[in-house]
Amino acid sequence: MEYGRGRGTTYMNPLDRLLRDEMNRLLDRLGASTKRGVGTASARHLPEVRERLDMAEARLTAARQALLAQYEEWQGALGACEDLWALAQLELDETPSGSLRAA
């Protein structure tokens, strides 16, 4: 799956896709279980609840950003391992009889 970002198109990584799917399911559940206008009404009539909702949504956003940042780190570590294994294979292929050569 791809989505537009600025002038180009960016690949949506599997974690981003999972988080978006979970958010969509939450929004579907909220849409099915709450009446239209509850967000606006809560701001007027239930300021404490609205404040808690805002804090929960901010926490959700921060957690999503942290997970995506850690996933980028995970992908970098995977790439580094793959590159090092490929390098090891090249080194072995270039030495006589597959023995390691001195660095």
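**Note on the predicted model**

1. Of the contacts (heavy atoms within 4.5 Å) with a separation of 6 or more, 38% join residues 24 or more positions apart. This is a predicted model: local features need pLDDT of at least 70, side-chain atom pairs count only at pLDDT 80 or more, and totals for chains, interfaces and linings use all residues. Numbering starts from 1 along each chain as its sequence is written, and side-chain values use heavy atoms, with hydrogens and water left out.

2. The protein has three helices and two strands. Their order along the sequence is β-β-α-α-α. Both are DSSP runs numbered from the N terminus: helices are H or I with at least four residues, strands E with at least two.

3. Buried residues (under 20% relative accessible area, 1.4 Å probe, protein chains only) make up 11% of the 103 residues.

4. Look at Asn 13. It sits in the loop between strand 2 (8-11) and helix 1 (14-33). Asn 13 counts as buried because its relative accessibility is 13%. A polar atom of its side chain lies 2.7 Å from the backbone nitrogen of Asp 16. Beyond neighbours within four places in sequence, Asn 13 touches Leu 68, Tyr 71 and Gln 75.

5. Helix 2 (residues 38-45) packs on helix 3 (residues 47-93) at about 125 degrees, axes 6 Å apart. Axes are lines fitted to C-alpha atoms over the stretch in contact, and angles run from 0 to 180 degrees between N-to-C directions. The pair is therefore oblique, a class left after under 35 degrees (roughly parallel), over 145 (roughly antiparallel) and 65 to 115 (roughly perpendicular). Helix 2 contributes Gly 39, Ser 42, Ala 43, Arg 44 and His 45; helix 3 contributes Pro 47, Arg 50 and Leu 53.

Definitions and conventions
Buried means under 20% relative accessible area, exposed over 50%, partly exposed in between (1.4 Å probe, protein chains only). A polar contact is a pair of N or O atoms within 3.5 Å; within protein, one must be able to donate a hydrogen and the other to accept it, and residues adjacent in sequence count only if both atoms are side-chain atoms.
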